[in-house]
Amino acid sequence: MTRKIIIDTDPGQDDAVAILLALGSPELEVLGLTAVAGNVPLPLTQKNARIVCELAGRPDLPVFAGCDRPLRHPLVTAEHVHGKTGLDGPQMADPVMPLQEQHGVDFIIDTLRAEPSGTVTLCPLGPLTNIATAFARAPDIIERVQEIVLMGGAYFQVGNITPAAEFNIYVDPEAAKAVFGSGVPLVVAPLDVTHKALTTAPRVEAFRALGTEVGRMVAAWTDFFERFDKEKYGSAGAPLHDPCVIAYLLKPELFKGRFINVEIEVNSPLTRGMTVADWWRVTDRAPNALFLGDLDADGFFALLVERLARL
């Protein structure tokens, strides 16, 4: 049986790899992609989502533009990591496939209402603005979501955009607070697990060795964006954050985590956007998320290479 998913995304090179992984996996039925402002502004994220679909040979996949700004605060972007286009590195042609006229939030709402309850999983790879907006506009859809599997947050790795906050949550913590408090079953891939998915030189060469356009592009993207993280962390490669979401859907046995309480800090100027994860269960707050902490990195990259080879 295939699992129906909506990918909510702000591509980003690692978002692009996550989308490719999903499109190379027959276990997943991607109902559509909704773009959100995050790594770069919305005009670029919706364009990049269409570029990736065309690269995968899926110009039929509907792509929707969603929210162009966070709920309450000015947009913070990450061109310093992803480049001015969000997909810097190799030259990319503009997409030919159309952007859908419907707003991404309306697509999420309509799809969750149309599909049988409990059969659609939401896969947010960027800020949670679209998801929170959909929940606020149509509270009836919340109980219809099968699960949310998202990339965001941190505990042991603390922050990558501020000392305390991970980028996706920091961009729109009010949205994250709404989603984490919604009651929908949550699986969270924080920096604690994504920082174990490092694009070492042999792993990048395995992408290039596929000898396909997809393999070449993925290798070129990782060559570009890993320079920032290698310099920042002194690591052997860069974390491939967002593909962890799709890999979890395909092979959850690659991951280990704990079902704990996670709250989002929205007020403090020092820790705004922090995911306050009760990893040691020192409070009596009810658990609301499976918070991933460990990864079989070799198994993860083997899965990536095998699925990208199908495109």
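Leaving aside neighbours within four places in sequence, Asn 130 is in contact (heavy atoms within 4.5 Å) with Asp 8, Thr 34, Ala 35, Val 36, Gly 66, Cys 67, Val 105 and Ile 108. The model is predicted: local features need pLDDT of at least 70 and side-chain atom pairs count only at pLDDT 80 or more, while totals for chains, interfaces and linings use all residues. Residues are numbered from 1 along each chain as its sequence is written, and side-chain values use heavy atoms, with hydrogens and water left out.

Asn 130 has 0% relative accessibility and therefore counts as buried. Buried means under 20% relative accessible area, exposed over 50%, and partly exposed in between, with a 1.4 Å probe and protein chains only. Asn 130 lies in helix H5, residues 129-137. Helices (H or I, at least four residues) and strands (E, at least two) are DSSP runs, numbered from the N terminus. Because 7 of the 9 residues of H5 are buried, the rest of the structure largely encloses this helix. The buried residues are Thr 129, Asn 130, Ile 131, Ala 132, Thr 133, Ala 134 and Phe 135. Their cover includes strands E1 (3-9), E2 (28-35), E4 (120-124) and E5 (145-151), together with helices H4 (104-114) and H7 (173-180).

Helix H7 is mostly covered, with 6 of its 8 residues buried. These are Pro 173, Glu 174, Ala 175, Ala 176, Val 179 and Phe 180. The buried residues of H7 pack against H5, helix H6 (167-171), and strands E5, E6 and E8 (262-264).

Helix H4 lies across E1, E2, E3, E4 and E5, and runs at about 150° to E2. Axes are lines fitted to C-alpha atoms, for helices over the stretch in contact, and angles run from 0 to 180 degrees between N-to-C directions.

## The sheet

An open sheet is formed by 8 strands in the order E3-E2-E1-E4-E5-E6-E10-E7, with mixed pairing. Two strands pair if DSSP finds at least two bridges between them. Strand E3 (63-65) and E7 stand at the edges with a single partner strand each, so one side of each has no neighbour in the sheet. On average, neighbouring strands of this sheet are turned by 25° against each other, direction ignored.

Strand E10 (residues 289-295) is mostly covered, 5 of its 7 residues being buried. Strand E6 (residues 186-189) pairs with E10 in the parallel sense over 2 bridges, and Val 188 stands opposite Phe 291 of E10. Strand E7 (residues 255-260) pairs with E10 in the antiparallel sense over 6 bridges. Arg 258 also stands opposite Phe 291, while Phe 255 has Leu 295 of E10 as its bridge partner.

## Nonpolar cores

A nonpolar core is a set of buried Ala, Val, Leu, Ile, Met, Phe, Trp, Tyr and Cys residues joined through side-chain atoms within 4.5 Å. The largest core has 60 residues, and Ile 7, Trp 221 and Ile 246 have the most contacts inside it. Helix H1 (residues 13-23) supplies the largest share of this core, 8 residues. Residues up to four places away in sequence not counted, Ile 246 touches Ile 5, Ile 7, Ala 18, Leu 21, Ala 22 and Leu 28.

A second, separate core has 37 residues, among them Ile 109, Ile 131, Phe 135 and Val 262.

## Aromatic pairs

The structure holds 8 aromatic pairs. Rings of Phe, Tyr and Trp (its six-membered ring) pair if their centres lie within 6.5 Å; planes under 30 degrees apart count as stacked, over 60 as edge-to-face and the rest as tilted. The ring centres of Tyr 155 and Phe 156 are 4.6 Å apart and the planes stand at 80°, so this pair is edge-to-face. Tyr 155 counts as partly exposed because its relative accessibility is 25%.

Tyr 248 and Phe 255 also form an edge-to-face pair, 5.9 Å centre to centre with 65° between the planes. Both Tyr 248 and Phe 255 are buried. One aromatic cluster consists of Tyr 155, Phe 156, Trp 279, Trp 280 and Phe 291.

## Helices H9 and H10

The axes of helix H9 (residues 201-208) and helix H10 (residues 213-233) come within 7 Å and cross at roughly 150°. H9 is therefore roughly antiparallel to H10; angles under 35 degrees count as roughly parallel, over 145 as roughly antiparallel, 65 to 115 as roughly perpendicular and the rest as oblique. From H9, Val 204, Phe 207 and Arg 208 make the contact. From H10, the contact is made by Gly 215, Arg 216, Val 218, Ala 219, Ala 220, Thr 222, Asp 223 and Glu 226.
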